[in-house]
Protein chains: 2
Amino acid sequence: MPFTPSPTDEKAIATIRTLAADIVAKSNSGHPGMPMGMAPIAHLLFSRFYTGSGKDAKWINRDRFVLSNGHGCALQYIMLHLLGYNLSMDDLKSFRQLDSKCPGHPETNHGVDGIEVTTGPLGQGFSNSVGLAIAQANAAATFNKDGFELFNNKTYTFLGDGCLQEGVASEAASLAGHLKLGNLICIYDDNHISIDGDTACSFTEDVEQRFLAYDWHVLAVNDGDKDLAGMYAAIEEAHKVTDKPTLIRLKTTIGFGSKIQGGAGTHGAPLKADDIVQLKEKFGFNPEEKFVVPDEVYAAYKEIQQKGADAASKWHKQFDEFKSKFSAEHKELSRRIAGELPQGWESALPTYSPSDSAVASRKLSETVLAKLAVAIPELLGGSADLTGSNLTRWGDAVDFQHPSTRLGDYSGRYIRYGVREHAMGAIMNGLNAYGLFIPTAGTFLNFVSYAIGAVRLSALSKHQVIWVATHDSIGLGEDGPTHQPVETASALRAIPNLDFWRPADGNETSAAYKVAIEARHNPSVLALTRQNLPQLEGSSIEKAAKGGYVLKEVENADITLAATGSEVAICVDAAKELEKQGLKARIVSLPCMSVFDKQPIDYRLSVLPSGHPILGVEAYGKHGWAQYCHVFHGMKGFGASAPAPALYKKFLLEPQPIAEKASKVVAHYKKSNVAAVSPIELEAAFSGEA
Amino acid sequence: MPFTPSPTDEKAIATIRTLAADIVAKSNSGHPGMPMGMAPIAHLLFSRFYTGSGKDAKWINRDRFVLSNGHGCALQYIMLHLLGYNLSMDDLKSFRQLDSKCPGHPETNHGVDGIEVTTGPLGQGFSNSVGLAIAQANAAATFNKDGFELFNNKTYTFLGDGCLQEGVASEAASLAGHLKLGNLICIYDDNHISIDGDTACSFTEDVEQRFLAYDWHVLAVNDGDKDLAGMYAAIEEAHKVTDKPTLIRLKTTIGFGSKIQGGAGTHGAPLKADDIVQLKEKFGFNPEEKFVVPDEVYAAYKEIQQKGADAASKWHKQFDEFKSKFSAEHKELSRRIAGELPQGWESALPTYSPSDSAVASRKLSETVLAKLAVAIPELLGGSADLTGSNLTRWGDAVDFQHPSTRLGDYSGRYIRYGVREHAMGAIMNGLNAYGLFIPTAGTFLNFVSYAIGAVRLSALSKHQVIWVATHDSIGLGEDGPTHQPVETASALRAIPNLDFWRPADGNETSAAYKVAIEARHNPSVLALTRQNLPQLEGSSIEKAAKGGYVLKEVENADITLAATGSEVAICVDAAKELEKQGLKARIVSLPCMSVFDKQPIDYRLSVLPSGHPILGVEAYGKHGWAQYCHVFHGMKGFGASAPAPALYKKFLLEPQPIAEKASKVVAHYKKSNVAAVSPIELEAAFSGEA
């Protein structure tokens, strides 16, 4: 059926364009060019294809829309307003102002329905959408039954030249092609403009050919300004392709309608007043009026809203029928939609006693994951091509693969991300954003840094995402400093709303998973060793879950040794060395500083009290440690390539040199007669807690 | 002329293969598969094409070889040994052991000639090689004269599936194609194996088609195990293509010769003893002997060595002739080869006095760059598509572009990197590694995090690379928390051998550039504001160049306010507020903590003395501040989207709330009667300095 646009379509498109100009002009900040250029495709997509409802915004089978070129968010806010989501015209008028629901780039944490993921940092949204598409495919393969197609939503993504230049998007695109994600439809705003001007200056590759190389279905519409029928036909064709993601290259004119349309001048700054006047005149609007939505446009969108609400209602009715036929599956799915964890899942966590053998924490993690994979079906595992090193795959895991590959199927819960850490991070954000999954994935801790652009967005967007970051220090040995993180922990600890764990033994590894699984609104990174760690006397899941605790208490201590991960056991031995010298050392384990920071002040002061010095010990650099100790002992620069024991010796991370350092610290405090005030005490004085 | 391999070629290849197996077996750690698979192409490349000399290893026009699949470094070490570089057979035997010249991945900082860049983190080496190729093209366009082709070297790069999956390499490849870098020849080891097994599980894209999309010249050799003539022909053809980089897809068998050849088992672990026995027998070697290089192989490589030495000699002779005809250019080039800065360059740095107007530090940076672009011709600028925001391009800059684009030429010193931060970081490492350039490039500070995988390698490899990181905090305003770094500074400050600068005014901006330019062996990141900063009373280049200094001294101070960047001026005003309350506040500016840390202890204690409390103030999170202050005042979470002044108010970063906090800190110390010991004093006690 050929598509014929109506006069209302033209009016709606002109409305979006003028509204975008008004919004950015009022805030005197923002990006009018993209919204004006993509107004036609946005109107067409949301009026003819998108299925979702502002009245039932969390409906699990809604289509997902992602604005990867997030700087053009005025467009998304306008569309959500027209679609009846919880954005008023006043909200649009407060664009980019303090406490507005319409921040400068789309954010999931602003209470605005329909913002599926936080975008703006280029390439992220596109990669998130690959995660949303994987999530849909897995949900469909897991829950759909004959006669009950509970999951069939599409993921629609807008993206621009900037997104396509970012490596994270290249990684995600390659994986999406491999996975044959037919439910993903991406529209590339080929407007030939980036901030530096014409893309001719840096971006001249053949994007269509590149995506064909990734095994995408590729379409082109050469007049994205006016050819609504062409756009309609392209999206319609994309819907028919079920075993490949689709990229539609859409040539648009940035800032369409402006006197300077087609130029970089419309990209990131408001249009001038006289330009907006002529724009409105051109489109038949009164140039004296601002923020105008003609009645016929509101009316048309009311109908669209109703269509979306009807679709949601129909689904809920179907889901009720599903309950009568598949009650267990209904219960399970309802639980996951509600965001509740399975009852009693935590009993799956293994515990250890000191007589148990020494085990690498990556191996301890493998044991936990094998248990949790059974206890928590929403866990979606994976690794960036380091499965055998990260030990992230449980025994009977099925790979998430297109069934035609015979390597797995779409119900598989283990994702082979390939050597694509950044995309993995962004895809995990999308997986979590879908609303049914807790993604976990592995790489070496050092290479979490490749993905940190996505990790900070996990934290900002409050996504529960769990990184299994093995080979956590110089303890990885021979691979050398190119692979040994000495600073990555600091980078991660500095990110707000992220828990960085470095467990010291089996109980602490279980504790790290316990808290990471219970933390429904923040990402966690678990730093795990390659080398074996003994099971500690004094550790427990309960204690470690506080982020920091006294592993070994002594009365009238001369010093506290505070350490994390592999260095805790070394400090236990250092304390024995000190005992020989008549010095009493307490041992504190600090597996997660951010979780420790959230404990009541009395507890924290009981762990790190004033009255004697505290020596921090960790096989990383000192940055960030001064808030927990008086003196730090650790790495002063990069690591080296050698077997791990040789490195621990070289870098003085053995019991003897640690004891020597501790003994000097004790002597210094005795000699200088300065009171050793716990850093916690000072902090408490100004946090309003004590 | 068709190529016919000799029996010595076969012997040499077998030697490389068996040697690789021996090296990894002795160290009981490493990756034999790739060296055994790529032995034929390595031998062919180095015996027939590569021009360089172990005897004159720093010869500036040598061919550059980059092993992007750096885990296979046994291969590179073997080749360097055969080519007469400073690696003995004993060095090879110490592979991956403590203080070996042969670490687990190739490192430039181990004193081994011929290791051009540090590789191993996948995708980096390939991207470095794009930088090496740009450097060659720029050097040629700048210094070559009629009859004097001083620069015509090639860059040869080996890479594997892992590199091709990494986004950083995709970014670099797209840019290399755009720039038409005909001097770059990359050989892709298409062995179909990654750590997770067959690449079928995650990497099924059509690599040849993708590189065609990037406008590369693409060739394929389907038998990389034996078809020496085919490999020869491919490299020869690549040499003939001068306006496109070349990718040669070479199908090899990983671990060729092993009983488990072709499988992931040969990738990252030593071959078993009996496997090595059969391998040696298969190749006509005595299985009882280890580390054997037959005389004929050494002899053949002696000839190759001589060829390289002759080429270098010939070049030096030509360079002497160049001197007589182009003495100014000769002098300039000699200076740059020697790694010396131009005499008196630092007089180009602007200075300011408090009566000068308030200016954004990104704008101050623009002024500096315009001066330095003239004073320091080795400066190569650029930006990741944010030129107009980063203000990195000086007025008369010429873009580095292929002349056919008419957008610039190869002598241009401004690189349009596109929205490719990670590749930009890796390319800058390559540019610096070439030996003639100081690369500087811009992006928003927040997006340096996209590139941090490359940044840490700048630091590890001691590359002088300067990041112009504008929009450095919530001060960027409306773009919101997706673009506002609150943690990035901490990530960068934690990297060893990297200077993170956050200048507070014009003099400090000049100081940051002064130190960054003088620091020939470490990267620097300059965090610069979008918003205007007043010129401070008390700042100077000399003082700020110490990384930290007393901006305003008072006798009998009640408190020190220590701040950086835009918060220094706010603290100056806070001190005025405190004065009204009868409290005396010193002001310390800490533009670069790592440079401050290198100052003598007496100086540091004079800046941050004991005796009164120190309040740290910065529009970032507190992580890392406790080593410089007692209490910190700054961001507790992510930023927000609003005009900058509204954000400074919201987050209590105005004079009044800072004064209030300071006043509470003073009261607390007076009340608690605890001596305020400077954190510097404690540090000094254990650094052996005091």
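**First stop: a covered helix**

Begin by selecting helix α3 of chain A, whose buried residues are A:Cys73, A:Ala74, A:Leu75, A:Gln76, A:Tyr77, A:Ile78, A:Met79, A:Leu80, A:His81 and A:Leu82. Keep in mind throughout that this is a predicted model. The helix runs over residues 73-82 and is mostly covered, with 10 of its 10 residues buried. Then step past the end of the helix to A:Gly84, which follows α3(A) and has a positive phi, near 85 degrees.

**Second stop: two chains together**

Now show chain A and chain B in two colours and ask what rotation superposes chain B on chain A. A rotation of 180 degrees, with 0.0 Å of shift along its axis, brings chain B onto chain A with an RMSD of 0.0 Å, and that is the relation of a two-fold axis. Both copies use the same surface, for 99% of the contact residues of chain B recur in chain A.

Next, select the residues on either side of the contact, which takes 105 residues from chain B and 104 residues from chain A. The size of an interface is often given as the accessible area lost when the parts come together. Here chain B and chain A bury about 8,700 Å² between them, and 59% of that area is on carbon and sulfur atoms. Pick out B:Tyr450, B:Arg456 and B:Phe686, which supply 9% of the area that chain B buries against chain A, more than any other three residues.

For the polar side of this contact, there are 50 residue pairs in polar contact between chain B and chain A, both residues being at pLDDT 80 or more. Select helix α7 (residues 167-179) of chain B, which gives seven residues to the side of chain B that touches chain A, the largest share. That side of chain B is made up of 44 nonpolar, 38 polar and 23 charged residues.

Side chains of opposite charge can pair when their charged atoms come close. Over all chains the count comes to 62 salt bridges, and eight salt bridges are counted between chain B and chain A. One of them joins A:Lys650 and B:Asp99, with the closest N and O atoms 3.3 Å apart.

Move to B:Asp479 and A:Arg96, which form a salt bridge whose closest N and O atoms are 2.8 Å apart. This pair crosses between chains, from the loop between β12 (466-470) and α18 (488-493) of chain B, where B:Asp479 lies, to the loop between α4 (89-93) and α5 (124-143) of chain A, where A:Arg96 lies. Are these two residues buried or exposed? B:Asp479 counts as buried at 13% relative accessibility, and A:Arg96 counts as buried at 2%.

Now select A:Glu487, which lies in the loop between β12 and α18 of chain A and is buried, with a relative accessible area of 5%. Leaving aside residues up to four places away in sequence, A:Glu487 touches B:Arg456, B:Ala494 and B:Ile495. The side chains of B:Arg456 and A:Glu487 meet in a salt bridge, at 2.6 Å from N to O. Because B:Arg456 lies in helix α17 (residues 452-461) of chain B and A:Glu487 in a loop of chain A, the pair joins two chains. Both B:Arg456 and A:Glu487 are buried.

**Last stop: a pair within chain B, and a network**

Finally, select B:Glu478 and B:Arg530, which form a salt bridge with their closest N and O atoms 3.5 Å apart. B:Glu478 lies in the loop between β12 and α18 of chain B and B:Arg530 in the loop between β14 (524-527) and β15 (532-533), so the pair ties together parts that are 52 residues apart in sequence. B:Glu478 is buried, with a relative accessible area of 11%, whereas B:Arg530 is partly exposed, with a relative accessible area of 36%. To end the tour, select A:Asp196, B:Arg393, B:Asp399 and B:Arg416, which are joined into one network by salt bridges that share partners.

Key:
Residues are numbered from 1 along each chain as its sequence is written. Chains are lettered from A and ligands numbered from 1 in the order in which they are written. This is a predicted model: local features need pLDDT of at least 70, side-chain atom pairs count only at pLDDT 80 or more; totals for chains, interfaces and linings use all residues. Side-chain values use heavy atoms; hydrogens and water are left out. Copies are superposed by least squares on the C-alpha atoms of residues with pLDDT of at least 70 in both. Contact means heavy atoms within 4.5 Å. Helices (H or I, at least four residues) and strands (E, at least two) are DSSP runs, numbered from the N terminus. Buried means under 20% relative accessible area, exposed over 50%, partly exposed in between (1.4 Å probe, protein chains only). Buried area is the accessible area (1.4 Å probe) that two parts lose on being put together, summed over both. A salt bridge is a side-chain nitrogen of Lys or Arg within 4 Å of a carboxyl oxygen of Asp or Glu. A polar contact is a pair of N or O atoms within 3.5 Å; within protein, one must be able to donate a hydrogen and the other to accept it, and residues adjacent in sequence count only if both atoms are side-chain atoms. Ala, Val, Leu, Ile, Met, Phe, Trp, Tyr, Cys and Pro count as nonpolar, Asp, Glu, Lys and Arg as charged, and the others, Gly among them, as polar.
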